[in-house]
Amino acid sequence: MGLEDRRDAEPEVYQPAEDSHLLADAACDGLADADENDRVLEVGTGSGYVAGRIDAETPARVVAADLNPHAVRQAREEGLETVRADLVSPFADAAFDAVVFNPPYLPTDPDNEWDDWMERALSGGEDGRAVIDPFLERVPRVLAPDGVVYLLVSSLTGVDDVVEEAGEHGFSAVAVADESFPFETLTVLELLR
Ligand SMILES: C[S@@+](CC[C@H](N)C(=O)[O-])C[C@H]1O[C@@H](n2cnc3c(N)ncnc32)[C@H](O)[C@@H]1O
C-alpha cells in the first residue's frame, strides 16, 4: 500500500515525514556496528517506518511500541514486533541497547484537549516537552549501561532545554544530524551516559 493510501486507511496514525526520515537515517548510521545480540526499542513507532528501517538495515532485534492502538496495528501489519505501551512502561530494566524516539513536540495551546490520536502524535503541550520530559526521566531504566538514545527534537521545542533535561537524568548529548525548514530546524540528539 502506498503512502497516500495509508494516509486514507489510517487517518489516526502519523505517516512518515521529514522528521521520520532524519531520525531513521541517523539511527541507522549510529547503529552501523550493531550485531544480532543488540536490542533496539522504537518508542512512538506510528506507522513503523523508523523501526522498519532499523530492522531492514541493521542486524539488531527491533521492538516497536506506541500508545495509539491504530499505530500498533499498522506497525504489526508491517511485520514488526509491536507492543502497545505508554513510553517504556512495560519493558524490563536494562532491556535495550538503543532506544529511538520521534516524540510529539509541537508547542500547543494550554487548553488543548488531546482528544484524538493525531493530536497526541503532534502535540507536546505548552512548551513542546510534555512527552519528552517524562521520556527522559523513564528511559534510563530500560537502557543497558552502555546504551544509547536517539531522540528527535525541534527548534520549536527548545533543543538546549532538552539537552539540559537529559543532563538531569545522567545523559550527555551530541547532535548527530540536523535539517532546516522555513519554520524550524530538526535535530537528532544522541544521548549517552
Ligand atoms: C511524531 S509521531 C512519530 C511516529 C513515527 N515514529 C515516525 O517517526 O514517523 C509520535 C508518535 O508517538 C506516539 N506517542 C505519543 N505519546 C506517546 C506515549 N506516551 N507513549 C508511546 N507513544 C506515544 C504517537 O502515538 C505517535 O505515533
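Reply: On a 1 Å grid over the protein atoms alone, a pocket is an open set of points where a 1.4 Å probe fits, with protein on both sides within 12 Å along at least five of seven lines; lining residues have an atom within 4 Å of a point. A volume is the space filled by probe spheres set on the points, which are joined across faces, edges and corners.

This is a predicted model, in which local features need pLDDT of at least 70 and side-chain atom pairs pLDDT 80 or more, while totals for chains, interfaces and linings use all residues. Residues are numbered from 1 along each chain, and side-chain values use heavy atoms, without hydrogens and water.

The largest pocket holds about 720 Å³ of space. Among its 43 lining residues, Asn 102, Pro 103, Pro 104, Arg 120 and Ala 121 are the closest to the centre. The lining comprises 26 nonpolar, eight polar and nine charged residues; Pro counts as nonpolar, Arg as charged. Its largest share, four residues, comes from α5, a helix being a DSSP run of H or I of at least four residues and a strand a run of E of at least two.

Asn 102 lies in the loop between β4 (96–101) and α5 (117–122). Asn 102 is buried, with a relative accessible area of 14%, because buried means under 20% with a 1.4 Å probe, protein chains only. Beyond its neighbours within four places in sequence, Asn 102 is in contact with Tyr 14, Asp 19, Ser 20, Leu 23, Val 43 and Leu 152 (heavy atoms within 4.5 Å). With Asp 19, Asn 102 also makes a side-chain to side-chain polar contact at 3.3 Å, that is, a pair of N or O atoms within 3.5 Å, one able to donate a hydrogen and the other to accept it.

Key: Buried < 20%, exposed > 50% of the residue type's maximum accessible area, 1.4 Å probe, protein only.
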